[in-house]
Amino acid sequence: MASSSLLSQTTFSPFLTNKTHNKSPRFSSLITTASITNPSLSGRKLRAAVIGGGPAGSSAAEALSAGGIETFLIERSPSTAKPCGGAIPLCMLEEFSIPLHLIDRHVTQMKIISPSNLTVDFGSKTLKPHESIPMLRREVLDSFLRSRAESSGAQLIHALVTNVQVPSSFSSTAPYVIHHTVNNSRKTLAVDVVIGADGANSRVAKSIKAGSYTCAIAFQERIKLPDHKMEYYKDVAEMYVGDDVSPDFYGWVFPKCDHVAVGTGTVSGKQEIKAYQRGIRERVKHKIKGGKVIKVEAHPIPEHPRPVRVSGRVALVGDAAGYVTKCSGEGIYFAAKSGRMCGEAIVKASEGGERMINEDDLKREYLKEWDDKYKTTFRFLDMLQGVFYKNNASREALVELCRDEYVQRMTFDSYFYKTLAQGNAIEHVKLLFRTFGTLMRSNVLRREMESFKF
C-alpha cells in the first residue's frame, strides 16, 4: 500500500523514471498555452496511467506518449480479447494507419435476414468499387495497437489493477495511486492523470463513482468450417433478426481468417443468452454443418454512456465510458477514437506534458469535443433501435426497408466515413413515407398472424 506521505506529495517517488519523448508533427500542433492556473511541472513530465490495453487504451497511450507525456499502459491479459464481430469502418484503416495484412476479410456482401427468413443483399448494388467492410480479429488488432503505443514511448505493464486511490481534493496536485498486482506481487504507481479504458466493468469508473449503466451481454462461438463451407463466407457476412436470436438486438455470422464468428447479444434477455445462441445456430445450421467450435466467448457490452465520464484528473474512454452504438452495436472505432481524442486533449491542455491539468481541461478539450462530434449519431441509432427492434413485425419492416438502395447508400456513407450522411431532402421525405408504409404493413401482417393463431 502507498504511504500517507506519498499521497501528500506534489512530486513523485523515484521509482517513476522520466523519459524523453520526441514530439511527432501530428502532436506538435496540439500544444497551446494552458491556463495560467495550471502549475508548471519542474524537472519532469506529466505522468499518465492508461488502464486497459484494448483499442481505446492503446490509442490513448499512443497519443499521450507521442505528445510528450510519460505514459504507463496497464493491461491485465494481453493474450485475450473480448467477443467482437470484428467489423471496422473503412475510414479507420487510413485514420489509424491499420496495415492491410491485419485484415482477415474484405466483406462486399452483407446479408440481412428477417424473422421469416426474408433475405436482403445489403450493398450488392450500392457499394463503390473501392468499398468493403474490413473484418479482423480483435486479438490481432489489439496486439498491433499496443505494440505501436510502446513504440511511441508508452511503458506496457502486464498487471491487474485492484484499486485507484483518488486524492482527497480535486484542487490538489497530489497523485492518483494505482494499486496493481504483477505475478502475485502488490505494487503501486503514482501518476498525475488516469484514463480508464478497462471495459464495461471498469474499476476506474467505480473509483470515481461514475454511475451505473445498462449492459448487454454478447455471446460468441468461433467455428472452424470445412473448406467448402468457408468458401461461401469468403466475402459474405450475415445479420439475423428475430425473437429467436435476440429480443432487442441481432445475431451475426462474420468471417475471419479461417473460421466464422457466430454470436448474438441482448439487454433484456441476458439470462437466456445461451437459448438465443442456440437460435442463431439453428438459423444457420446448414451453412455451418460440419464445423468445429474452437472458442467460446462472452462479455458485457455497454448500452449508453455513463452519467460521469470525467472526474478530477480521471477520464473514461471506450466501453468504460459507454461508447457503443445502439442498433449496430459498433464499438471498435469509437473506442479507438475516444482514446485518441482524450490523449490528444491531455497533450494540448498540459502543453506537451509541461503543466499539470485539471477537470475543466478534460471537460473542455475532451468531453465537449466528443459530445459535439458524436452525440447526435448515438441518439439517432438509439432511436432506430427503439423503432425497429421492438418486435418481429418491426424487424420485418427493417429488412424490407433495407431493400431500398437509397437506404443502403446512406447507411454505408454514414458507417464507412463516420459522419451522418446528409442525403437528399426530397429522398428523405420519400423515405419517411416508405418507412411509415412498411411499418403499417408489417403490423397489419402481425395482427393477421396473431388472429390466425388464435
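Helices (H or I, at least four residues) and strands (E, at least two) are DSSP runs, numbered from the N terminus. This is a predicted model, in which local features need pLDDT of at least 70 and side-chain atom pairs count only at pLDDT 80 or more, while totals for chains, interfaces and linings use all residues. Residues are numbered from 1 along each chain as its sequence is written, and side-chain values use heavy atoms, with hydrogens and water left out.

**View 1. Serine 202 sits in the loop between strand E11 (193–196) and helix H6 (203–207).** Is serine 202 buried or exposed? Serine 202 is buried, with a relative accessible area of 0%; buried means under 20% relative accessible area, exposed over 50%, and partly exposed in between (1.4 Å probe, protein chains only). Its side chain comes to 2.9 Å from the backbone nitrogen of alanine 205. Setting aside neighbours within four places in sequence, serine 202 is also in contact with Arg306, Leu316 and Ala320, where contact means heavy atoms within 4.5 Å.

**View 2. The whole chain gives the setting, with 15 helices and 18 strands.** Of its 454 residues, 57% count as buried. Among the contacts with a separation of 6 or more, 75% come from residues 24 or more positions apart. The accessible surface is about 20200 Å², and carbon and sulfur atoms hold 54% of that area; these areas come from the Shrake-Rupley method with a 1.4 Å probe, and for residues only the protein chains shown count as cover.

**View 3. Strand E4 (residues 109–113) pairs with strand E13 and with strand E5.** Two strands pair if DSSP finds at least two bridges between them. Here, E4 is mostly covered, with 4 of its 5 residues buried. With E13 (residues 236–240), E4 runs parallel over 5 bridges: methionine 110 is partnered by alanine 237, and isoleucine 113 by tyrosine 240. With E5 (residues 119–122), E4 runs antiparallel over 4 bridges, and isoleucine 113 has threonine 119 as its bridge partner there. The hairpin of E4 and E5 has 5 residues between the strands, and asparagine 117 takes a positive phi near 70° in it.

**View 4. Strand E13 is largely enclosed by the rest of the structure, because 5 of its 5 residues are buried.** In a regular strand the side chains alternate between the two faces of the sheet. For E13, Val236, Glu238 and Tyr240 point one way, Ala237 and Met239 point the other way, and all are buried. Strand E14 (residues 251–255) runs antiparallel to E13 and is joined to it by 3 bridges. In E14, glycine 251 is the bridge partner of tyrosine 240.

**View 5. The largest nonpolar core has 106 residues.** A nonpolar core is a set of buried Ala, Val, Leu, Ile, Met, Phe, Trp, Tyr and Cys residues joined through side-chain atoms within 4.5 Å. Which members touch the most others? They are Ile133, Ile178, Ile346 and Tyr366. Helix H11 (residues 332–349) gives the most to this core, with 11 residues. A second, separate core of 14 residues includes Val236, Tyr240, Val245 and Ile288.

**View 6. Isoleucine 133 touches several residues, including Met110.** Not counting residues up to four places away in sequence, those touching isoleucine 133 also include Ala87, Ile88, Arg105, His106 and Val107, along with Phe412, Tyr415 and Phe416.

How values were computed: Polar contact = N/O pair within 3.5 Å; in protein donor to acceptor, adjacent residues only side chain to side chain.
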